[in-house]
Amino acid sequence: MALLSIITAPDPRLKIKAKPVKAVNDEIRRLMDDMLETMYAAPGIGLAAPQVGVAKRVLVVDIARENEKPQPLRIANPEILWRSEELATYNEGCLSLPEHYADVSRPARIKLRYLDHENEIREVELEGLLATCVQHEMDHLEGVLFVDHISPLKRNIILRKLAKLKRQKTTETVSA
Ligand code: NI
């Protein structure tokens, strides 16, 4: 397994629409494992392939707490078959928007179809934090970030701060 580098916003690679995988083969399994390792190291509870520069419809999530047994989900080509009208609001963050958080409302429950790490089709009903996390990661496959769900004013403040941070980092690297 290998640690991958996580792309932070603003970056055009976070705005693309990812392509479905043909099948979950060894290459995709390795990607899923590397993404999980990267996510745990960050640490985070979800990661989508575009965040590590891979334009494929692949994501991983694990909402288990530090003292709980890991419950990794490896997901390819996810599709939402049904979403509840009832919404749930969580204060979301994102490994691609480090240290920024905002309240986002999404359907509280979803029915999801996906390909698992053995290339088997699965259908599950998700609720609570897991439902939110999967929807957040699925947004990444469409080039959508959680800040796209909040007011343009708040979004611009966050993106401007991140752009400034990025410029500072580049300068530091150049001068080192
Ligand atoms: Ni994210």
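This is a predicted model: local features need pLDDT of at least 70, side-chain atom pairs count only at pLDDT 80 or more; totals for chains, interfaces and linings use all residues.

User: OK, metal next. Which atoms coordinate the nickel ion?

Analyst: The nickel ion is held by SG of Cys 94, NE2 of His 136 and NE2 of His 140, at 2.1 to 2.2 Å. Along the chain, the nickel donors follow the spacing C-x41-H-x3-H.

User: Where do the two histidines, His 136 and His 140, sit relative to each other?

Analyst: They're both in helix 2, which covers residues 128-141. His 136 and His 140 are four residues apart there, so about one helical turn separates them. Both His 136 and His 140 are buried, too.

User: How many residues of helix 2 are buried?

Analyst: Twelve of its 14, so helix 2 is mostly covered. Among the buried ones are Leu 130, Cys 133, Val 134, Glu 137, Met 138 and Asp 139.

User: What length does helix 2 reach, and what would be expected?

Analyst: From its first C-alpha to its last, helix 2 reaches 21 Å, close to the 20 Å expected at 1.5 Å a residue. Just after helix 2, Gly 143 takes a positive phi of about 75°.

User: Switching to charges. How many salt bridges are there?

Analyst: The count comes to 14 salt bridges. One of them joins Lys 15 and Asp 148, with the closest N and O atoms 3.5 Å apart. That pair links distant parts of the chain: Lys 15 is in the segment before helix 1 (26-41), Asp 148 is in the loop between helix 2 and helix 3 (152-175), and they are 133 residues apart.

User: How accessible are Lys 15 and Asp 148?

Analyst: Lys 15 is partly exposed, with a relative accessible area of 46%. Asp 148 counts as partly exposed as well, at 31% relative accessibility.

User: What about Asp 26, what does it form a salt bridge with?

Analyst: Arg 29, and the closest N and O atoms are 2.9 Å apart. Asp 26 and Arg 29 are three residues apart in helix 1, so they are separated by about one helical turn. Asp 26 counts as exposed because its relative accessibility is 54%, over the 50% cut-off. Arg 29 is partly exposed, with a relative accessible area of 29%.

User: And which residue pairs with Glu 86?

Analyst: Arg 109 does, the closest N and O atoms being 3.8 Å apart. Here too the pair links distant parts of the chain: Glu 86 is in the loop between strand 3 (73-83) and strand 4 (87-92), while Arg 109 is in strand 6, residues 109-115, and the two are 23 residues apart. Glu 86 is partly exposed at 48% relative accessibility, and Arg 109 is partly exposed at 30%.

User: Last one: which residues are linked in a network of salt bridges?

Analyst: Glu 79, Lys 111, Arg 113 and Glu 123 are linked that way.

Note on methods:
Residues are numbered from 1 along each chain as its sequence is written. Side-chain values use heavy atoms; hydrogens and water are left out. Donors are N, O and S atoms within 2.8 Å of the metal (3.2 Å for Na, K and Ca); water is not among the atoms, so sites may look incomplete. Buried means under 20% relative accessible area, exposed over 50%, partly exposed in between (1.4 Å probe, protein chains only). A salt bridge is a side-chain nitrogen of Lys or Arg within 4 Å of a carboxyl oxygen of Asp or Glu. The expected span of a helix is 1.5 Å times one less than its number of residues.
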